[in-house]
Amino acid sequence: MAYYITGDCHGEFSKIKLFCRLYNLTTEDVLIVLGDFGLNFWLGKRDIKNKKMLAQLPITILTIHGNHEARPYELDTYVEKQWNGGTVYVEESYPNILFAKDGEVYSFGDKKGIAIGGAYSVDKYYRLLTGRPWFEREQPTEEIKQYVENKLTEINWQVDYVFSHTCPFVYEPADLFLDFINQAEVDKSTEEWLSKLERKLDYERWYFGHFHDNREYHRAEMLYEKIIELGTGTTMVCVGRPKFKKGEFVSFDFDTGVEKIEKYGRIAIVDAYGTFFQQKEVSYDIVDSEGILNKHIPESDVSGLRTI
């Protein structure tokens, strides 16, 4: 039994399918998705098709509520059940796909984590104008907020993990805001409330999605393409955009077989995802400062751009 966590899927599940193909998983293993999973979005045949596919995978999925999906308790097909010490919503036909209830505290081995979902859709008016799904109760209501705070009081405001969709202001990535969105018109009441909780809460790690990037903080982690092991940060797979481009000058860790040493060089090739032995993430061929071509350096070992 092991626990893993990832960010938004938006109905694109290739990272989860790859994860299950690469590792020897069972439904005893749990993958937490930090909202906007993409299952209760269209509320029709497309959702059913995806649920049937995911129900065949050898893993249990626990998803936090995002802003682009209906709340399960508003749908007739869901029932409540107890799971790992807390209440979840589940459909009988898809028993390995669980939806967390905001404020519930779940056990993950000897650790405990609380679910706090919801966020504001910055594309709300576009969705309303074009007829795409938008959900009125995308953000937590006052009743939900009170339930969350009551649960935190019960555990003396101490928890190992927080699983949210958006994040407190202390972790807000302003550099990722969309240029064409007027931030003065964005409803940040959920972020304000989470900030009040964060200042009072004693926690080990805060995980969130929503902003479509992967980023580590001192006590938090933003996730998108990555699937990592809960609590350790070990990358299991990372499906998505290469961080670096051909020609960029980077520093990287090179594995000699005995130890990893820091080197630097220029990227010669961005390996196509899933090729060679680097199946879990993007890799690079890098010409180092001595003119040696270092093949298939995994992205997790490339630490960043260097100036020359």
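Me: Where is the place of L34?

Reply: This is a predicted model. L34 sits in the loop between β2 and α2.

Me: Is L34 buried or exposed?

Reply: Look at the relative accessible area. Under 20% counts as buried. L34 has 0% relative accessibility, so it counts as buried.

Me: How far apart in space are L34 and H165, C-alpha to C-alpha?

Reply: Compare sequence with space. L34 and H165 are 131 residues apart in sequence. Their C-alpha atoms are 5.4 Å apart.

Me: What separation do the C-alpha atoms of W206 and K15 have?

Reply: Here the separation is 22 Å. Along the chain, W206 and K15 are 191 residues apart. W206 itself lies in strand β10. Its relative accessibility is 0%, so W206 counts as buried.

Me: Now a strand. Which way do the residues of β1 point?

Reply: Start with the general idea. In a regular strand, side chains alternate between the two faces of the sheet. Now the case here. Strand β1 covers residues 3-6. Y3 and I5 point one way. Y4 and T6 point the other way. All of these are buried.

Me: How many bridges join β1 to strand β2, and do they run parallel or antiparallel?

Reply: There are 4 bridges between β1 and β2. The two strands run parallel. Strand β2 spans residues 30-33. For one partner pair, take Y4: its bridge partner in β2 is L31.

Me: What does the chain cross through from β1 to β2?

Reply: The path goes through helix α1, residues 14-22. This β-α-β crossover is right-handed. To read the hand, point the strands away from you and follow the path from the first strand over the helix to the second: clockwise means right-handed.

Me: In which sense do β1 and strand β13 pair?

Reply: They pair in the antiparallel sense, over 3 bridges. Strand β13 holds residues 226-229. In β13, T6 has I227 as its bridge partner. So much for β1.

Me: Next, polar contacts. Which side chains does the side chain of H210 contact?

Reply: Check the distance between N or O atoms; the cut-off is 3.5 Å. The H210 side chain makes a polar contact with the side chain of N67 at 3.4 Å. It makes another with the side chain of H165 at 3.1 Å.

Me: Where is H210, and is it buried or exposed?

Reply: H210 is in the loop between β10 (202-208) and β11 (215-216). Its relative accessible area is 18%, so H210 is buried.

Me: Let us turn to phi. What is the phi of D36?

Reply: Phi of D36 is near 50 degrees, a positive value in a residue other than glycine. D36 is in the loop between β2 and α2 (45-55). With a relative accessible area of 3%, D36 is buried.

Me: What about the phi of H296?

Reply: H296 has a positive phi of about 55 degrees, and it is not a glycine. H296 lies in strand β18, residues 293-298. The relative accessible area of H296 is 10%, so H296 is buried.

Me: Last, the surface. Which residues make the nonpolar surface patch of about 310 Å²?

Reply: V122, L178 and F180 make the patch. L178 is in the loop between β9 (158-164) and α5 (189-200).

Me: Why is L178 called partly exposed?

Reply: Partly exposed is the range between buried, under 20%, and exposed, over 50%. L178 has a relative accessible area of 42%, so it is partly exposed.

Notes. Residues are numbered from 1 along each chain as its sequence is written. This is a predicted model: local features need pLDDT of at least 70, side-chain atom pairs count only at pLDDT 80 or more; totals for chains, interfaces and linings use all residues. Side-chain values use heavy atoms; hydrogens and water are left out. Patches are made of residues with over 30% relative accessible area and no salt bridge: like charges are joined within 9 Å, nonpolar side chains (Val, Leu, Ile, Met, Phe, Trp, Tyr) within 5 Å. Accessible areas come from the Shrake-Rupley method with a 1.4 Å probe; for residues, only the protein chains shown count as cover. A salt bridge is a side-chain nitrogen of Lys or Arg within 4 Å of a carboxyl oxygen of Asp or Glu. Buried means under 20% relative accessible area, exposed over 50%, partly exposed in between (1.4 Å probe, protein chains only). Two strands pair if DSSP finds at least two bridges between them. A polar contact is a pair of N or O atoms within 3.5 Å; within protein, one must be able to donate a hydrogen and the other to accept it, and residues adjacent in sequence count only if both atoms are side-chain atoms.
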